[in-house]
Amino acid sequence: MALLAYLKSLFILQLLMGFVFVVSGLIINFIQLCTCILWPINKQLYRRINCRLSYSLWSQLVMLLEWWSGTDCTLYTDQATVDKFGKEHVIIILNHNFEIDFLCGWTMCERFGVLGSSKVLAKHELLKVPLIGWTWYFLEIVFCKRKWEEDRDTVFAGLDRLKDYPEFMWFLLYCEGTRFTEKKHQISMQVAESKGLPKLKYHLLPRTKGFTTTLHCLKGTVTAVYDVTLNFKDNQTPTLLGIVNGKKYKADMSVRRFPVEDIPDDEKECANWLHKLYQEKDALQEHYHKEGSFPGPTIIPHRRPWTLLNFLFWATLLLSPLINFACGVAVSGSPLLIIGFILFLIVASIAIRRLIGVTEVKKTGSSYGDQEAKKQN
């Protein structure tokens, strides 16, 4: 076990895995670009192909969580709810406290067969991020600038296009709008006090516009809202860098299903429903901090082999020519080739580190309510 942990911590192995992810992602993006010719001919075929292509990329990240780090994910829910997973269009509401919360969500998507078709209401800045933003663009992800006057037409049009999506989709919403930090929490609770809303201890005040708009636009397509509250055993603070280093975490996810017909149609009442939901999520987190678990029965979905097999396919395809090239450079004795290859490794490592940085709490999130940050921007 000590040897395995040592191997996982080796930078060269991490760099090779990063190489596989980046190069396979660029290949997938190119294939996605080529599939655009299908859109005017057969839109649904375009979508089904892009679901599989996006799965091939995202499953490599899920592989890191499930097979490389060995992180466990336990669901706190009933069997009747689990039986509906992957068999209906739904909206997912997930708390935004951790760097790898999206990865835990993707793990559940993968285990129930909806990873390739999973959607998110994403901030517009991510559209510029290579691989991630580009893949999402071809997957018809809805991007927003978090300024309703500018987003209204874009969001409505994007959601309207998804009404006839051929694959069951889980549409993820981070209703808090940004990751939880103590500073943002203080500002958010000041806003709650000014609006006469109950204060939350473990969450930021939810922004209701995105939720009410998504529910209104997708009504008739989505059949339920899944409320997911995530936490980690032993007060762990997981990071993507920790996952890359092979560190194992234990994730717990409380899942509650709410049929769409039980949620008010009126926008104001729907917003109140969401505020009440977050008060309940706060109570769940309070229970977790006191008891070390969420209430209710537990279910541990079995991990599937496809994420590992997919990574091994890309690794076999891409690492063989890379290793042959590296050996050729080494035996060539050419200082120019050797220096060039070393520079390539340095640039590649920086690029991969920057991709990881996209998930880091200190480097992400909006300046919502933070007047000082807005002035600096």
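This is a predicted model: local features need pLDDT of at least 70, side-chain atom pairs count only at pLDDT 80 or more; totals for chains, interfaces and linings use all residues.
How many aromatic pairs does a search of the whole structure find? The search finds 17 aromatic pairs.

The angle counts as edge-to-face because it is over 60 degrees. F98 belongs to the loop between strand 2 (90-94) and helix 5 (101-111), while F232 belongs to strand 6 (residues 224-232), so this pair ties together parts that are 134 residues apart in sequence. Both F98 and F232 are buried.

F211 and W273 make another aromatic pair, and this one is stacked. Here the distance is 5.8 Å centre to centre, with 10° between the planes. The planes count as stacked because they are under 30 degrees apart. F211 is found in helix 9 (residues 208-218) and W273 in helix 11 (residues 267-291), so the contact ties together parts that lie 62 residues apart in sequence. Are these two residues buried or exposed? F211 has a relative accessible area of 1% and is buried. W273 is buried as well, with a relative accessible area of 15%. The value for W273 counts as buried because the limit is under 20%.

Aromatic rings can also form groups. W58, F102, W106 and W136 make up one aromatic cluster.

Two further contacts bring a charged side chain to a ring. K281 has its charged end over the ring of Y278, 5.6 Å from the ring's centre. R303 lies over the face of W67, and the distance to the ring centre is 3.8 Å.

Key
Residues are numbered from 1 along each chain as its sequence is written. Side-chain values use heavy atoms; hydrogens and water are left out. Rings of Phe, Tyr and Trp (its six-membered ring) pair if their centres lie within 6.5 Å; planes under 30 degrees apart count as stacked, over 60 as edge-to-face and the rest as tilted. Helices (H or I, at least four residues) and strands (E, at least two) are DSSP runs, numbered from the N terminus. Buried means under 20% relative accessible area, exposed over 50%, partly exposed in between (1.4 Å probe, protein chains only). A charge sits over a ring if NZ of Lys or CZ of Arg is within 6 Å of the ring centre and within 35 degrees of the ring normal.
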